[in-house]
Amino acid sequence: GEQRPHALTPRTHMADPEWVTATQTALGPLIKRPKLTAALLSKPPFRFLHDIVSEVTRATGFADGLFSEDELQSGRIKEKELKIAYLSKIFKCVEVASGGALGVRPGKVVAGMEPENTNAFLVALARVATSGVDNAGVVASTLDAIAASAKSSRSSPPASAPPVQAEPLPPPPQPPQPPPPPPVVASHPGQAPTGSGGERGGAGGELSAAPEAQPQQMASAPPPQRLDPPSGTSSRGETGGGGGGG
C-alpha cells in the first residue's frame, strides 16, 4: 500500500517569562515606543533601556533634570564606563523614590546579563513614575547621594589593590676576619730558635749576655788602694804610744 507521510507536529509556542509580561503590563500604558517586544526584554540592550527611560521622563516628568545634555543623547554614550554611569543614576533615582533597593548591578546590565533583574527595574520605574512623588526632591537627593559616594570612593584606597609587602633587607656585610696569629713556640732560656730568627736570637743572646758580665768584671776589680795618713798623725801616734809606755 501507499505510505502515508508523517504528520507534522505543530510547534508549541513557548510562553514568555512572567517578568517579561509584567514589564509589558507596567510600561505599556505609559509609552508607545520603543516596542516592548519579548525578544528585547529578554536581553535588553543599553540603547533600548535608554529609550525607555527617556520616554518615561517625557510622559511623566520623572527623573527630569537627573542627566546632563550629553547623557540625554544615547549616541554620545558609547564607552562602557559612561553606560554604567547612566544606569547607576537612574537606578539610584528609582531607589530614592521607592525607598528600597533594586538589587540590580549596572555592570551586569551593560553586559546583557541578569535580564530578570533588569525587568524588575523597569517595573519599579513605571511604578514610581506614576506615584506622584516630588520629582525635584528625588533628583536632588539622588545627585547628592551619587556625589557623596564618589567622594568616599576617591578618599578610600581601592579594595582590590593587593597590600604592598616590603622586601626583606639583605643581611649586613660581615667585617673581614683578621688572620689568625702565628703560633708562638716557647723556647728554653738560653736555647736559640731554629732558622734565621735563631741567628738573630743568638746575636741578641750575645748582646744580652754582655750586660750580665759587667757586674762580674766590677766584682773582680781590685779594691781601691788605702791612702797612708799624713806624717804628723803617725808621729803623734808614736808619741802617744811612747807616753803610754812611760
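Is Tyr-86 buried or exposed? Keep that in mind as you go.

This is a predicted model, where local features need pLDDT of at least 70, side-chain atom pairs count only at pLDDT 80 or more, and totals for chains, interfaces and linings use all residues. Residues are numbered from 1 along each chain as its sequence is written, and side-chain values use heavy atoms, leaving out hydrogens and water.

**Whole protein.** Show it as a cartoon. You will find 9 helices and 0 strands. Helices are DSSP runs of H or I, at least four residues, and strands are runs of E, at least two, numbered from the N terminus.

**Phe-67 and Tyr-86.** Select both. Their rings are stacked, 4.2 Å centre to centre with 15 degrees between the planes. Rings of Phe, Tyr and Trp (its six-membered ring) pair if their centres lie within 6.5 Å; planes under 30 degrees apart are stacked, over 60 edge-to-face, the rest tilted. Phe-67 sits in the loop between helix H3 (46–60) and helix H4 (80–98), and Tyr-86 in helix H4, so the pair ties together parts 19 residues apart in sequence. Tyr-86 counts as buried, at 1% relative accessibility. Buried means under 20% relative accessible area, exposed over 50%, partly exposed in between (1.4 Å probe, protein chains only).

Phe-46, Phe-67 and Tyr-86 form one aromatic cluster.

**Asn-135.** Go to helix H7 (residues 135–155), where Asn-135 lies. Asn-135 is buried, with a relative accessible area of 17%. Its side chain reaches the backbone nitrogen of Ala-63 at 2.6 Å.

Key: A polar contact is a pair of N or O atoms within 3.5 Å; within protein, one must be able to donate a hydrogen and the other to accept it, and residues adjacent in sequence count only if both atoms are side-chain atoms.
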